[in-house]
Amino acid sequence: MLRNALTLTAAVAALLTPVLSSAPARADDYPSRPIEVIATFGAGGGADLMARQFARLAEPHLHVAMPVVNVSGASGNAGLTRVLTNPADGYTVGTLIALSVSSWASGLGTAKPDNFVYVAMMQNSPSMLYVSKNSPFKTYEEFAAHAKANPGKLRVATSGYGTQDDITLKYLGSQGVPVTNVPFARPSERYASPIGGHTDAIYEEPGDVAQFLKSGDLRPIVVFDKQRHPSFPDVPASAELGLDIGDLPNFRTLAVPASTPPERVQKLHEAAAKVLASPEWKAFCADTFTCVDTLVTPDQAKEEVKAFYETVRGYLDRFATKTVGQTPG
């Protein structure tokens, strides 16, 4: 009887040994299959370009394929929903950018900064207001004067309601410069809208419209920052014009669900660090005016995202108490 029990115990142990020994091996082997990268905005936009450049440069470091899939809509929240509903195993990474965080603060979507771990802060840039080369407005002052004299008549192309684009236009409205927000879901249509005469201006970061700046089809008239952009020294900063809204940069991160195993987040972070240090990425971010100054940890990135979220909420609280001259939407 005792001999039979020992034999059974040995057999069970033999069956369990491969299972138990393989558990840490699987964790160490991550990633062992393709990692899906979800670009949360449409093809051709800044988030899409960042996702594709990151995936291409990270594949040699992670040794797996990294296919990019565009899941756009609802200011990036459609794609982020997919990130959160897929298994939190490190095999789904999404772009998470300031536009989406701004939309959360504005009440769009249900996500919050604590729902994610931020693999890396990949890009950062102030936004600007641009007019076409044929626009009658040569300066921001001329643009603002026309808007004051013709409330709501000037149309500005944006990426959507609830974004910092929308917040900035609401701020201008609160300062007596009422313009109309015209959202475009497709980046390419948004970029071309002032050139084709469909809008009078566009709110955007310089990297996304770099080709139009180089061709001269778009002209920046103000950068929303506390100081001038070094690449555009002739363009006044909003602070110079008395506009106190230089704290809504358009950052872009890579994110995974908050419950993702920390060791897998670390592997993704290490790969992102190598990408950011590569000559190819440095050339890419220089061309798009989006280079970050220093590499930040996932915890530091989360603090930046949470601070931005609270900044947007602060603006919204101000608008709620000052309605004169606000823009529609």
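Let's start with strand β5, residues 128–132. Both of its faces are covered. M128, Y130 and S132 are buried on one side. L129 and V131 are buried on the other. That is five of the five residues, so β5 is largely enclosed by the rest of the structure. Keep in mind that this is a predicted model.

Who are the partners of β5? Strand β8, residues 201–204, pairs with β5 in the antiparallel sense over three bridges. Y130 stands opposite I202 there. Strand β9, residues 218–223, is also antiparallel to β5, and five bridges join the two. In that pairing, S132 faces L218.

Now zoom out to the sheet. It is open, has five strands, and runs in the order β7-β6-β8-β5-β9. The pairing is mixed. At the edges stand β7, residues 180–183, and β9, each pairing on one side only. From one strand to the next, the twist averages 30°. On the β7 side, look at strand β6, residues 155–158. It runs parallel to β7, with four bridges between them. R155 has T180 as its bridge partner in β7.

Next, aromatics. The count comes to ten aromatic pairs. Take Y203 and F224. Their rings sit 5.5 Å centre to centre, with 35° between the planes, which makes the pair tilted. Y203 lies in strand β8 and F224 in the loop between β9 and β10, so the pair ties together parts that are 21 residues apart in sequence. Are these two buried or exposed? Both Y203 and F224 are buried. Elsewhere, W104, F116 and Y118 form one aromatic cluster.

On to the other sheet I want to show. Five strands again, and open, in the order β2-β1-β3-β10-β4. The pairing here is mixed. The edges are β2, residues 68–70, and β4, residues 116–123. Each has a single partner strand, so one side of each is left without a neighbour in the sheet. Ignoring direction, neighbouring strands are turned by 30° against each other on average.

Inside this sheet, look at β3 and β10. Strand β3 covers residues 92–97, and strand β10 covers 252–257. They run antiparallel, joined by four bridges.

Then helix α3, residues 77–85. Which of its residues are buried? N77, G79, L80 and V83. They cover an arc of only 155° around the axis, which puts them on the same side of α3. The cover over these buried residues includes strands β1, β3, β4 and β10, and also helix α4. For orientation, β1 is 36–39 and α4 is 98–105.

Two packed helices are described by the angle between their axes and the distance between the axes. Here, α4 and helix α6, residues 164–174, pack at an angle of about 60°. Their axes are 8 Å apart. From α4, the contact involves A98, L99 and S102. From α6, it involves Q164, D165 and I167. How do these residues divide by type? Three are nonpolar, two polar and one charged.

Conventions. Residues numbered from 1 in each chain as written. Predicted model: local features only at pLDDT ≥ 70, side-chain atom pairs only at ≥ 80, totals over all residues. Heavy atoms only, no water. Pairing = 2+ DSSP bridges. Axes fitted to C-alpha atoms, helices over the stretch in contact; angles between N-to-C directions. Buried < 20%, exposed > 50% of the residue type's maximum accessible area, 1.4 Å probe, protein only. Arc of directions from axis to C-beta. Contact = heavy atoms within 4.5 Å. Nonpolar A, V, L, I, M, F, W, Y, C, P; charged D, E, K, R; others polar. Phe/Tyr/Trp six-rings, centres within 6.5 Å; stacked < 30°, edge-to-face > 60°.
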